[in-house]
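Reader: I am new to this structure. Please take me through one part closely, and then show me what else is there.

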Amino acid sequence: MTTGNTASFAGKRVTVMGLGRFGGGVAVTRWLAKQGAAVTVSDAASEEQLKDSISQLDDCIANGSVRLALGSHKEQHFAEADFVVANPAVPKPWENRFLGHARQHGVSVTTEIRLLAEIIPDGVTTIGITGSAGKSTTSAMIAHALRSQYKETAKAVWFGGNIGGSLLDDAARMKPGDVVVLELSSAMLYWLSGSSFDDGTAVSTEAEWRPDIGVLTSIAPNHIDWHGSLSHYVRSKSQIGHATQRVHAMDTPTTRECLAACDRARYVSQQDVDVVPVDLLHVPGEHNRANAMLAATVVAGVTECGVSEALQSLSYFSGLADRLQRIDAPGGIVAYNDSKSTTPEATVLAVQAVKQSHPDAMVHLIAGGYDKGVSLDAIAALAIDGEIDELYPIGTTGSVLADNVSCKDFGTLENAVSAAFEQMQPSDVLLLSPGCASWDQFDDYRQRGQRFIELVQQRVPESANTLRA
C-alpha cells in the first residue's frame, strides 16, 4: 500500500546517523539536500575512515547544504534536529542512546527505506521480498522476469532496497502501472513496522507501511546481534505477512510458523519446485530452482503470463555476483564466490548446489567470519559428516569451527586460499561460502568476494602448472 506523500524537508534540520565507510548514507544525504534540508551527517568514524564516502558529498559540503560531525555522535545533533534518519545498520535502535535522546526531545526518527516507501506514487505496485537466505536471488529473479514480461509495454520495473542502490531519486519518475521490487532486510522490516511492535522495542510512531505483495523465502536464526533475540528477528521478518494483497512463501515449517497470523499466504511446495527443469537455470542448486519457482509464482500473479512462461524467462537469468558466482580458470580449476552467504544454512545450500553440479569433485570449503551469535554447528557438520572434503576456517569464528572439526584455523582469507591451492587437484572445487558476516576483516561481503576472486586469479597460473594431475 503506497501513499505518495512524505513530510516536506525544505528548510528543515535533518541529522543523518551513519554515513558508513561503504557509502550507505550517501544517497539519502544527497536526496535530503536536494529537498532543501540542512543536513548534518553524524558518524562515530573519523574523516580518514570515511574519506571515500565523503568524496561523494563534496559538492553538497561545498555549497553548505551538508555539514559533517565525525569522530563521535553528539546529543545536540539529535535533540536540535527536526528529523533524524538512522542507518538501519545501527543495532538495537530502541536502546541507542542518541536515538533515544532524539525521541525524548520529540524528534521524528526514520530511515531511508521508510522515506522511499512514503514517496512511491499511488498506482505503483510494490513487492517486498525477505528471508534468511535466498532473498537477493529471488528478488533479482522477480525483477528480471517482470522486465521480460513488460519489455513491449510502457511499464517500468524498479529494483532496490537491501540489495544496494537507492531509489529515492527514481521515485519522481515512477508512474502508475510500474512495479517496485524491494529486497527487505529484517532491520528494514522492523523500521517499516512502525508502532506495531508492542514489546517495548518500537522506535518509530509512524503508521505501518505494507508492500502490496509480500514474499518470504526462508526463516533461520540470523542477526541476533542486531535484534537481541531470535524471537525479535522472526517477528521482524513476519511483518512481510502484512502485505495488503497476498503473500508468497516457500512451504516449510518455519515459514508457516512465521506467517501463522497471515491468512493470505500462498505456499510453494517441493512438488511445485520439482516442475522446474534441472537444466533450465544458469545458477546451480536445488535451492535456486526453489527460488525460481517462488519468483515465477509472484510474477504470474502480477502479470497476465503463466508460471511456465515466467520460468522460461528465468532461463536467461545469469545470477548475482557473490552468490555462487562461478570463477573458471585454466587447468580444470573451478571456484565459486558465495561471499553473500552469511548464515550457516546458506552455506549448507551452497555446498549442496556445488555437489549437484560437480558430483565427482572434491569440495574445499572456506568458511567463517564475524560472529553474529548464531550456532555454526551446521557448517561443522559438513566436514564431520563428509559432505565436504576439506574445511578452511577463517575470521573471528574460525577458532570455533576449527575446534569443532579438529582442523587448523587459517585466520585470513589469504591463508585459506593459499592452503587450499596447495591441496587441490585440477578437478576439485574451491568454495567460499562463509556462513558469517564479513565485518571482522572486510567492509562488507562485496569486498570479501572481490578479494577472493583476486586471490584465485593470482594463483591460477601457478596452480595450473603445479597441481597434481
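In what order do the five strands of the open sheet with mixed pairing run?

Author: The order is β12-β13-β16-β14-β15. Before going further, a word on the source. This is a predicted model, in which local features need pLDDT of at least 70, side-chain atom pairs count only at pLDDT 80 or more, and totals for chains, interfaces and linings use all residues. Residues are numbered from 1 along each chain as its sequence is written, and side-chain values use heavy atoms, with hydrogens and water left out.

Now the sheet. Its five strands form an open sheet, and the pairing is mixed. Strands here are DSSP runs of E with at least two residues, helices are runs of H or I with at least four, and both are numbered from the N terminus. Two strands pair if DSSP finds at least two bridges between them. In general, strands of a sheet pair through backbone hydrogen bonds, either parallel or antiparallel.

Look at the edges of this sheet. They are β12 (325-328) and β15 (390-393), and each pairs on one side only. From one strand to the next, the twist averages 20°. Angles run from 0 to 180 degrees between N-to-C directions, and axes are lines fitted to C-alpha atoms, for helices over the stretch in contact.

Find A367: it stands opposite P393 in β15.

Next, another open sheet. Five strands lie in the order β3-β2-β1-β4-β5, and their pairing is parallel. The edge strands are β3 (66-70) and β5 (108-110), each pairing on one side only. Neighbouring strands of this sheet are turned by 20° against each other on average, direction ignored. Inside that order, β1 (residues 13-17) and β4 run parallel, joined by four bridges. M17 stands opposite A86 in β4.

Follow the chain on from β4. The loop between β4 (83-86) and α5 (97-104) holds K92. K92 is not a glycine, yet its phi is positive, about 40°.

S406 is exposed, with a relative accessible area of 69%.

Now a strand pair. β7 (residues 157-161) is largely enclosed by the rest of the structure, because four of its five residues are buried. β7 pairs with β8 (residues 179-183) in the parallel sense over five bridges. G160 stands opposite L182 in β8.

Finish with two helices. The axes of α1 (residues 26-34) and α6 (residues 112-119) come within 10 Å and cross at roughly 50°. The crossing is left-handed: the near helix is turned anticlockwise from the far one by less than a right angle. A27, V28 and W31 of α1 make the contact with E112, L115 and I119 of α6, where contact means heavy atoms within 4.5 Å. These residues divide into five nonpolar, no polar and one charged. Ala, Val, Leu, Ile, Met, Phe, Trp, Tyr, Cys and Pro count as nonpolar, Asp, Glu, Lys and Arg as charged, and the others, Gly among them, as polar.

Terms used:
Buried means under 20% relative accessible area, exposed over 50%, partly exposed in between (1.4 Å probe, protein chains only).
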